Amino acid sequence: MLTIKNYGSDSLASGIKKAASIASRALSRGKPQHAQWLVTRKCNYRCVGCNVWKEQDERELSATEIKKGMDILKKVGVVELVISGGDPLLRPDIDEIIDYATDRFITTVYDNGSMAAKKADALHKADFVAISIDSLDEAKNDAIKAVPGAFKKAMETVEYLHHEGIKVAVTPTISQKNLNEIVDITNYFTGKDIPVWYCLYSYDTSRDSNQLFRIGKANDEFVITDKKGMVDLCNRLIELQKKNKKILMTAKLMEAVRDLYNEEEKRDWKCHALQNFLVIDHLGRISGCHHHNYVCSVFDLPAKWNSTEFQNLRSFYHDCSQCNYLCYIAYSIYSGPRGYAALAKDQWRNARMLLR
Ligand code: SF4
Ligand code: SF4
């Protein structure tokens with residue numbers, strides 16, 4: 001998720017220290033400013049468009065190793081850390097991980113809605129807690145998650161976190177299944193003062209067995225076939241976002257997505273994998289994005305970052321157009337200090353909080 005967020009529950013002094021450190025990293029050149037760390041491969045849900053639950057892995061790094069990895073990420077310039085999985089909140093030591101992350105990064109924690117209420121104490125320090133809800137129709141949402149009761153639990157979780165002052169947001173995944181509901185979902189939650197941003201249904205097209213890991217699973221029902229409907233939706237969200245500041249997607253990003261679904265299928269940006277962003281799996285292995293094989297361990301990142309090997313990989317990724325994962329598009333569009341400046345312009349209110 002790409003947005004500059006404010007800090008609520010940190011003490012003033014540590015908040016200022018963190019903001020100063022982040023602002024300095026955000027304005028540095030040639031750094032991997034965004035990282036997604038999938039700290040576990042375990043999940044308690046069975047979502048129809050996802051592969052993770054089918055390919056779970058008991059192995060994962062310890063909290064101590066993850067903290068060491070986070071020190072390295074900070075050293076190489078990471079500003080924003082997304083903690084994801086599986087469901088990261090299933091880890092018994094997640095409190096320790098979140099606490100460490102939030103002192104160093106703009107931190108977003110993902111949850112499928114089943115765990116966050118139980119982990120509220122740990123989540124108070126997170127800059128955002130993203131809960132996935134794909135429909136306001138209970139039966140439909142539960143069918144997408146393939147877990148009876150998922151909707152009720154997620155709705156209760158969102159209400160509870162919001163009531164507790166935790167910075168919760170709702171993140172529907174836009175697909176053919178809910179294309180016509182996205183505006184309603186957006187209005188429903190933003191009307192309750194709860195921010196919304198989106199994921200975009202995408203699946204892994206690579207047949208490379210060395211791909212770092214697989215997330216998306218091909219499902220014909222989810223693939224957006226109503227391209228005009230998608231273009232219209234993007235246009236509506238662009239308009240809505242002008243007056244609804246709880247929609248945490250920039251106009252620039254929605255325009256880029258809209259252009260993908262236009263007749264020309266325009267894609268006029270270059271991928272910045274392993275340049276502006278990287279992903280880390282549950283074993284601490286790094287790749288530019290999850291579609292490609294891992295290139296090193298997080299612990300070797302400082303030695304590798306300026307290597308010829310990495311420069312060659314960046315050139316390769318630069319010309320890749322293999323996926324439409326929305327976060328990767330966002331990280332590519334908003335890259336480097338210029339990207340942050342453009343983002344600050346788009347999200348001036350949030351940026352002002354950070355720079356204050
Ligand atoms: S989409 Fe998320 S919650 Fe659903 S099965 Fe995959 S990892 Fe679990
Ligand atoms: S476009 Fe970028 S993020 Fe997507 S598969 Fe290619 S290198 Fe990875």
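Start with alanine 116, in the loop between β3 and α4 (120–123). Helices here are DSSP runs of H or I with at least four residues, strands are runs of E with at least two, and both are numbered from the N terminus.

A word on the model before going on. It is predicted: local features need pLDDT of at least 70, side-chain atom pairs count only at pLDDT 80 or more, and totals for chains, interfaces and linings use all residues. Residues are numbered from 1 along each chain as its sequence is written, while chains are lettered from A and ligands numbered from 1 in the order in which they are written.

Is alanine 116 buried or exposed? Alanine 116 counts as buried because it has 27 C-beta neighbours inside 10 Å. The cut-offs: 20 or more other C-beta atoms within 10 Å is buried, 12 or fewer is exposed, and in between is partly exposed, with C-beta atoms placed from the backbone. Now show the contacts of alanine 116 (C-beta atoms, placed from the backbone, within 7 Å). Beyond its neighbours within four places in sequence, they are Leu89, Asp111, Leu123, Val129, Ile131, Thr157 and Leu161.

Next, select the sheet. It is open, with eight strands in the order β5-β4-β3-β2-β1-β8-β9-β10 and mixed pairing. Its edge strands, β5 (168–170) and β10 (296–297), each pair on one side only. Pairing takes at least two DSSP bridges between two strands. Zoom in on β2 (residues 80–84) and β3 (residues 106–111): they pair in the parallel sense over four bridges. Glutamate 80 sits opposite isoleucine 106 in β3.

Move to helix α8, residues 227–243. Color its buried residues: Met230, Leu233, Cys234, Leu237 and Gln241. Viewed down the axis of α8, they fall within an arc of 100°, so they line one face of the helix. That arc is taken from the directions from the helix axis to the C-beta atoms. The face turned away from the buried side carries exposed Lys228, Glu239, Lys242 and Lys243.

Then pick aspartate 268, in the loop between α9 and β8 (277–280). Aspartate 268 counts as exposed because it has 8 C-beta neighbours inside 10 Å.

Finish at ligand 2. The residues around it (C-beta atom, placed from the backbone, within 6 Å) include Cys271, His291, Tyr317 and Gln322.

Methods:
Two residues are in contact if their C-beta atoms, placed from the backbone, lie within 7 Å. The expected span of a helix is 1.5 Å times one less than its number of residues.
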